[in-house]
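Could you walk me through this model, one question at a time?

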Amino acid sequence: MATDVHRPVTPTVTQAVRVEGLSRTFDGRAVIDDLRLDIAPGEFVALLGRSGCGKSTLLRILAGLDRDIKGTALVPRRRAVAFQAPRLMPWKKVWRNVLLGLPGKPERARAERTLDEVGLGHRAGAWPKTLSGGEAQRASLARALVREPDLLLLDEPFGALDALTRIKAQHLVAEVWQRRGCAVLLVTHDVEEAVLLADRVLVMDDGRIAHEQHVGLDRPRDITDPRFAELRAGLLRRLGVDTA
Amino acid sequence: MSISHAPPGSPSPDISGISKSFAPNAEGVSGPDLQPVVPVSSRRARVPRWLRRTSGPLLLLVLWQLLSATGVLTADVLASPERIAQVGRDLISDGSLPSAMGTSLRRVAFGLLFGTVIGTGLALVSGLFRIGEDLVDAPVQMLRTVPFVGLIPLFIIWFGIGEAPKTAIITLGVTFPLYLNVYAGIRGVDTQLIEAGESLGLSRWGLVRHVVLPGALPGALTGLRYSLGVAWLALVFAEQVNADSGIGFLRVQAREFLRTDVIVVCLIVYAFLGLLADFIVRSLERLLLQWRPTFTGR
């Protein structure tokens with residue numbers, strides 16, 4: 001297990017996420033079972049796991065969308081989610097979607113600034129249904145970012161994108177994270193994506209964190225780097241896929 | 001001594017034999033019969049579509065006029081188109097048709113107004129609140145199965161024979177389609193969007209205003225369109241009973257005097273008003289649902 005932490009994470013009292021003894025049961029079946037998880041401020045954590053292992057449930061709990069829980073879960077007040085589907089309100093233009101839910105009467109310029117940040121400033125006045133898949137996902141990301149979150153929750157945000165758009169979107173997220181410095185929890189089933197983006201990769205199994213892997217590679221990361229391939233293969237083995 | 005692989009009597013080198021067999025109409029090999037693919041535009045008749053579509057009704061009108069002129073179709077069965085046009089002009093110029101239309105339109109407008117308020121209000125109560133659903137939905141669903149026209153005698157006893165029972169019958173007819181569609185619209189809003197709204201920190205009222213109501217709007221407009229259809233139907237029934245003004249009254253009077261021409265003029269007016277109402281709803285949809293790419297009402 002790698003212990004080399006590339007980005008020094010100082011053990012401060014304040015954590016971006018502190019979860020202890022968390023359980024969530026569906027009809028008597030424990031999907032999350034006595035789970036423990038800490039995420040440091042500014043840390044990028046990827047959560048891997050087979051489908052149905054409870055990783056999306058954990059994200060929904062941290063987002064405050066599922067409160068039928070036992071145990072402790074402390075999350076920042078300012079947090080934002082980007083879902084697998086963009087989930088834009090089709091009856092609101094893109095910029096109104098971005099500002100939706102913000103307190104007070106925010107100005108359009110604020111939405112446009114954030115849309116510019118994700119390279120979508122020119123589509124601010126468009127209807128969501130006229131956006132392409134990648135554009136809609138970027139709008140969804142802008143909607144999360146405009147809240148200036150301390151914790152950004154990403155639920156397989158690249159899952160529905162085509163291969164080329166996905167690469168661009170991954171770069172965008174890496175860029176945004178480095179600029180903003182918020183903590184990120186990325187739920188994904190793509191091992192390569194996890195190793196590419198995260199400081200720390202967690203593998204979830206049977207409702208708890210079964211494995212933890214620090215990724216000490218320099219950024220920007222090179223997927224052809226043998227160390228990258230080694231990490232990737234190791235994680236895949238953990239997930240029950242033998243590449244050898 | 002040499003061995004030749006080619007048959008001794010070979011008329012030409014092998015290679016040309018192969019290429020020849022692929023050439024069309026080569027000797028010994030018959031290719032398929034070729035026929036040109038005729039472009040569809042060159043076969044299509046030159047008559048524009050709108051003209052072809054209007055020629056059907058026009059032909060029917062000419063036939064009608066012919067039958068009337070030759071006396072096959074007598075005036076007390078059905079008046080001739082010419083006569084109907086004449087009567088229509090007369091009714092407009094002496095002011096009886098415009099005033100009847102005004103009266104009827106006012107009845108529909110009031111019925112529609114009350115029905116919209118009641119239907120939408122009830123749908124909001126039962127759509128947005130669980131307790132509202134428990135209290136409101138079951139009675140409304142029960143009442144819905146009662147044919148509203150059957151209530152006319154009761155309404156006359158309750159409200160007399162003035163404007164009130166007429167407005168009430170239209171209100172009743174309008175209420176149910178609106179209720180059903182608005183309620184279904186509210187309950188049909190994508191739960192994923194509601195969840196997204198929650199995650200954005202929208203309050204309960206914010207969710208209703210920004211997610212639920214706009215999401216229910218397409219359904220509500222379908223309900224409105226349906227309600228308008230019912231409103232005209234209810235008007236016909238309402239004006240058949242004890243009316244002393246309105247299009248229905250004109251029609252009832254015409255029946256007494258076997259004036260089929262006046263009756264047809266009234267029917268044309270109904271059709272015209274129905275088209276007008278549909279146009280208004282379509283304009284509303286164009287305005288309110290412009291976010292829908294599937295929208296094709298242009």
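Here are some questions and answers about this predicted model.

Q: How many helices and how many strands are there in chain B?
A: Happy to start with the overall fold of this chain. Read along the sequence, chain B follows the pattern α-α-α-α-α-α-α-α-α-α-α-α. The count for chain B is therefore 12 helices and zero strands, where a helix is a DSSP run of at least four residues.

Q: What share of the residues of chain B count as buried?
A: The cut-off to keep in mind is a relative accessible area under 20%. Applied to the 298 residues of chain B, the buried share is 34%.

Q: Among contacts in chain B between residues at least 6 apart in sequence, what share join residues at least 24 apart?
A: Contact here means heavy atoms within 4.5 Å. One example of a contact in chain B is B:Glu133 touching B:Tyr183, and these two are 50 residues apart along the chain. Among the contacts in chain B between residues at least 6 apart, the share joining residues at least 24 apart is 69%.

Q: Which residues of chain B does UniProt list for "domain: ABC transmembrane type-1"?
A: The span in question is 85% helix and 0% strand, and its end C-alpha atoms lie 20 Å apart. The annotation comes from an unreviewed UniProt entry, which lists it for chain B residues 101-281.

Q: What are the helix and strand percentages over residues 17-231 of chain A?
A: This span carries the UniProt annotation "domain: ABC transporter", from an unreviewed entry. The end C-alpha atoms of residues 17-231 of chain A are 25 Å apart. The chain there is 32% helix and 27% strand.

Q: What area is buried between chain A and chain B?
A: The contact draws 17 residues from chain A and 17 residues from chain B. A:Arg87, A:Trp91 and A:Trp127 supply 37% of the area that chain A buries against chain B, more than any other three residues. Carbon and sulfur atoms give 67% of the area buried between the two chains, which is about 1,700 Å².

Q: Which residue of chain B meets A:Arg87 in a salt bridge?
A: The count between chain A and chain B is two salt bridges, and the rule also finds six residue pairs in polar contact across this interface. By class, the side of chain A that touches chain B has 10 nonpolar, one polar and six charged residues. For A:Arg87, the N to O distance is 2.9 Å and the partner is B:Glu195.

Q: Is A:Arg24 buried or exposed?
A: A:Arg24 forms a salt bridge with A:Asp68, with the closest N and O atoms 3.9 Å apart. The pair links distant parts of the chain, 44 residues apart: A:Arg24 is in strand E1 and A:Asp68 is in the loop between helix H1 and strand E4 of chain A. A:Asp68 counts as exposed at 54% relative accessibility. A:Arg24 has a relative accessible area of 8%, so this residue is buried.

Q: What is the relative accessible area of A:Asp199?
A: A:Arg219 forms a salt bridge with A:Asp199, the closest N and O atoms being 2.8 Å apart. The two sit in loops 20 residues apart, A:Arg219 between strand E9 and helix H7 and A:Asp199 between helix H6 and strand E8 of chain A. A:Arg219 is partly exposed at 22%. A:Asp199 is buried, with a relative accessible area of 11%.

Q: With which side chain does the side chain of B:Glu133 make a polar contact?
A: B:Glu133 is found in helix H6 of chain B and counts as partly exposed at 22% relative accessibility. Not counting residues up to four places away in sequence, B:Glu133 touches several residues, including B:Val125, B:Ser126 and B:Ala138. The polar contact spans 3.2 Å, and the partner is B:Arg187.

Methods:
Residues are numbered from 1 along each chain as its sequence is written. Chains are lettered from A and ligands numbered from 1 in the order in which they are written. This is a predicted model: local features need pLDDT of at least 70, side-chain atom pairs count only at pLDDT 80 or more; totals for chains, interfaces and linings use all residues. Side-chain values use heavy atoms; hydrogens and water are left out. UniProt positions are given in the numbering used here, feature names are shortened, and annotations may be inferred rather than shown by experiment. Buried area is the accessible area (1.4 Å probe) that two parts lose on being put together, summed over both. A salt bridge is a side-chain nitrogen of Lys or Arg within 4 Å of a carboxyl oxygen of Asp or Glu. A polar contact is a pair of N or O atoms within 3.5 Å; within protein, one must be able to donate a hydrogen and the other to accept it, and residues adjacent in sequence count only if both atoms are side-chain atoms. Ala, Val, Leu, Ile, Met, Phe, Trp, Tyr, Cys and Pro count as nonpolar, Asp, Glu, Lys and Arg as charged, and the others, Gly among them, as polar. Buried means under 20% relative accessible area, exposed over 50%, partly exposed in between (1.4 Å probe, protein chains only).
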